[in-house]
Amino acid sequence: MAIWRFDVIQPDSLEEAVAALARHGQDAQLIAGGTDLLRDIHLGLKRPRWVISLDRIQALGLISEGPDGSLVVGSGVTMTALGADGRVRGRATALAEAARGMGSPQVRNRATVGGNLCNARPCADTAPPAIACDALLLLTGAAGSREVSCGQYMTGPGQTVRKADEILQEIRLPRLPLHTGSAFLSATNRKAVEITITSAAVRITLESAGGPIREAMIALGSVGPIPLRSPAAEAVLVGQLPVDTLLARAASAAVGDSRPIDDMRAGAAYRKWMVETLVARALQIACQRAREGST
Amino acid sequence: MRKPLRLTVNGQLHQLAVNPYRTLVEVLREDLGLTGTKQGCGEGDCGACTVLLDGVAVNSCLVLAVQAEGRQITTIEGLARPDALHPIQQAFVDHGAIQCGFCTPGVILRVKSFLDENPAPSEAEVRQGIAGNLCRCTGYQKIVEAVLAAATALQPAQGDGP
């Protein structure tokens, strides 16, 4: 394996990082935890001339409460920190569950939520729960900052709306209404160090503890070029009481909104079965959490 | 263009100049001669290159050396006391949890951080805890037994409290 030589820039602030990115543009790659980029360089899949490391920008590694009641997760927060933070669990249980299941302990200690979202693989485990929990992404570039809804962020495998000079700064998790519950489930060949075959993240908000469903968000991973919402399943659920037969009908409707392909990990037909199974189970867990009042 | 780099490895400060594209495992092995840390897959799958970075287990093949500037690193060479193996190392010897030995330094460092976080784990927790370390001599059963024994050995003696 030939060694690929690149230079590393380690800015101390986001402004310096944006300036470096604007200067080197297409020849530069951002690095946070490095668990994707250094692997890709090792395998010869990426050949950056410049690598801009975000490791010295300490604010990116923090989780804090925003003035509007949202929880602000820095893009450099590791999977370990995301999965262990009680405030994240309270706001977006599904996202914490996805973080806790990813890779291995060593990978989770380095891999960041921002890296997972920006690499935009169809199997990225944090994307479906972030979408289901209404996450907003703050992008900062030379022209200033803008917010993008997580559901609008990915445009194709490895493709996002992030511009060449922009850095994903924060993931903002809004405070969700009372009687909201979420859950994330995934199917993998092994229990660890795996690429997800199919994942389902659901978020349910009930009118009251024993009441009908007011809002339903269902996002699927690894069954399309980007994480997919299931409008058909959501339409089945809204306005109805969350009984098992209804949840099963919604799960069945979600299959029609998935667009899986055959690959080395699983066939498209198996992935469709997994959509039905995982959505049904995740809905039951999320509804239970919504009744109990946790998110 | 080389960059200056200060690393504290096993308690000793090193001042180096390294090419920025080099990984932490390369610098530990090639510049500092600490060849106990193994490079396996280079992709974060096998865990053979596991070291502790400020006490946290990481794959040192997926960390740029310059990202470790100013930080504390523990490698397998830093675990034993001058007169005795670390209790985790001793448990691995006692339980035959080592075959070819290539995975062993990474496994033991991961176990060190795991037992620091969870001093009295269940067998299932041990298996999850070492999920990022592959052993191709197929020795997980003995490794798990060694970790459970090490956890017991590391427990503070009963009845010593006030």
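In chain B, 15 residues of domain 1 are in contact with 12 residues of domain 2, where contact means that the C-beta atoms of two residues, placed from the backbone, lie within 7 Å. This is a predicted model, so local features need pLDDT of at least 70, side-chain atom pairs count only at pLDDT 80 or more, and totals for chains, interfaces and linings use all residues. Residues are numbered from 1 along each chain as its sequence is written, while chains are lettered from A and ligands numbered from 1 in the order in which they are written.

**Chain B: two domains**

- Domain 1 of chain B covers 3–75 and domain 2 covers 87–154; such bounds come from an automatic or database domain assignment.
- Between the C-alpha centres of these two domains of chain B there are 22 Å.
- On the side of domain 1 of chain B that touches domain 2, the elements giving two or more residues are β3 (50–53) and β4 (56–59) of chain B. Helices (H or I, at least four residues) and strands (E, at least two) are DSSP runs, numbered from the N terminus.
- β3(B) gives the most to that side, with 3 residues.
- By class, that side of domain 1 of chain B has 7 nonpolar, 6 polar and 2 charged residues. Here Ala, Val, Leu, Ile, Met, Phe, Trp, Tyr, Cys and Pro count as nonpolar, Asp, Glu, Lys and Arg as charged, and the others, Gly among them, as polar.

**Where the chains meet**

- Chain B puts 23 residues into the contact, and chain A puts in 23 residues.
- On the chain B side, β4(B) gives the most, with 4 residues.
- The chain B residues that touch chain A split into 11 nonpolar, 9 polar and 3 charged.

- Five strands make an open sheet in chain A, in the order β4-β5-β10-β6-β7 and with antiparallel pairing; two strands pair if DSSP finds at least two bridges between them.
- At the edges sit β4 (63–65) and β7 (144–149) of chain A, each pairing on one side only.
- From one strand to the next, the twist averages 25°.
- Strand β6 (residues 136–141) of chain A runs antiparallel to β7(A), and 6 bridges join them. L138(A) has E147(A) as its bridge partner in β7(A).
- Helix α1 (residues 14–24) of chain A packs on this sheet, touching β6 and β10 (167–173) of chain A, and its direction makes about 130° with that of β10(A). Axes are lines fitted to C-alpha atoms, for helices over the stretch in contact, and angles run from 0 to 180 degrees between N-to-C directions.

**A mostly covered helix**

- In helix α5 (residues 93–101) of chain A, 8 of the 9 residues are buried, meaning that 20 or more other C-beta atoms lie within 10 Å of a residue's own, with C-beta atoms placed from the backbone.
- Among the buried residues of α5(A) are T93(A), L95(A), E97(A) and G101(A).
- Their cover includes α3 (79–84), α4 (86–91), α8 (127–132), β11 (180–187), β12 (198–206) and α11 (268–292) of chain A.
- G103(A) follows α5(A) and has a positive phi, near 55°.

Conventions: Buried ≥ 20, exposed ≤ 12 C-beta atoms within 10 Å, placed from the backbone.
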